[in-house]
Amino acid sequence: MVGSTALKASFVNRSDLKSLRQELEYLRAELQDDICARLEVVTGRQIAAGAKVDLAEWRALSSKGSGQELEALFKDLERVEAALLRMADGSYGTCPECGEEIELNRLRGDPAALFCIACVGQLQRKVAQS
Ligand SMILES: [Zn+2]
């Protein structure tokens with residue numbers, strides 16, 4: 001830790017990446033468990049713990065009447081999976097919109113964040129206008 005009073009924004013280094021990956025893996029496991037439990041209720045089928053998530057298949061099952069809550073969980077899971085993929089290919093922590101590094105504090109708050117704060121603000125304004 002370099003001192004919390006530093007004014008300069010800090011970006012992700014190797015050890016941060018490790019803890020962020022752990023956080024993402026934890027989130028993924030939680031979401032999978034949550035989705036699993038809900039799907040079992042919806043489908044009446046037993047779903048093995050730690051079953052590999054086939055999003056397309058699960059989504060088809062969930063569309064049988066589970067509603068938006070599950071859809072939201074799927075979306076979260078997709079964000080988390082996408083972040084883990086970016087970690088694997090080395091693009092994690094870089095904003096695809098502007099190419100700048102994303103601040104560590106932002107990623108600590110939301111390890112699956114794709115865009116930097118500035119770009120996410122712009123994108124939200126665009127969505128709000130359309
Ligand atoms: Zn950006």
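Residues 24 or more positions apart account for 51% of those contacts in the protein chain that have a separation of 6 or more, two residues being in contact if their C-beta atoms, placed from the backbone, lie within 7 Å. The model is a predicted one, in which local features need pLDDT of at least 70 and side-chain atom pairs count only at pLDDT 80 or more, whereas totals for chains, interfaces and linings use all residues. Numbering starts from 1 along each chain as its sequence is written.

The secondary structure of the protein chain consists of five helices and zero strands, in the order α-α-α-α-α from the N terminus. Helices (H or I, at least four residues) and strands (E, at least two) are DSSP runs, numbered from the N terminus. Of the 130 residues of the chain, 16% count as buried. A residue is classed as buried if 20 or more other C-beta atoms lie within 10 Å of its own, as exposed if 12 or fewer do, and as partly exposed in between.

The largest nonpolar core comprises 16 residues, of which Leu24, Leu31, Ile35, Leu73, Leu77, Val80 and Ala83 touch the most other members. Helix H1 (14–43) and helix H3 (68–89) each supply at least two residues of this core, and the largest share, six residues, comes from H1. Such a core is a set of buried Ala, Val, Leu, Ile, Met, Phe, Trp, Tyr and Cys residues joined through C-beta atoms within 7 Å.

Two packed helices are described by the angle between their axes and the distance between the axes. The axes of H1 and H3 come within 9 Å and cross at roughly 150 degrees; axes are lines fitted to C-alpha atoms, for helices over the stretch in contact, and angles run from 0 to 180 degrees between N-to-C directions. H1 and H3 are therefore roughly antiparallel to each other, the class for angles over 145 degrees, with under 35 being roughly parallel, 65 to 115 roughly perpendicular and the rest oblique. H1 passes H3 in a left-handed crossing, that is, the near helix is turned anticlockwise from the far one by less than a right angle. Residues making the contact include Leu17, Arg21, Leu24 and Leu27 of H1 and Leu70, Leu73, Phe74 and Asp76 of H3. By class, this contact has 13 nonpolar, one polar and six charged residues; Ala, Val, Leu, Ile, Met, Phe, Trp, Tyr, Cys and Pro count as nonpolar, Asp, Glu, Lys and Arg as charged, and the others, Gly among them, as polar.

Individual positions were also examined. Phe74, in helix H3, counts as partly exposed because it has 17 C-beta neighbours inside 10 Å. Phe74 and Leu31 are 43 residues apart in sequence, with their C-alpha atoms 8.0 Å apart. Asn105 belongs to helix H4 (residues 104–109) and is exposed, with 11 C-beta neighbours inside 10 Å. Between Asn105 and Ala9, 96 residues apart in sequence, the C-alpha to C-alpha distance is 8.4 Å.

Glu100 is placed in the loop between H3 and H4 and is partly exposed, with 13 other C-beta atoms within 10 Å. When residues up to four places away in sequence are not counted, Glu100 touches Cys95 and Cys116. Glu100 and Cys119 are 19 residues apart in sequence and 9.9 Å apart in space, C-alpha to C-alpha.
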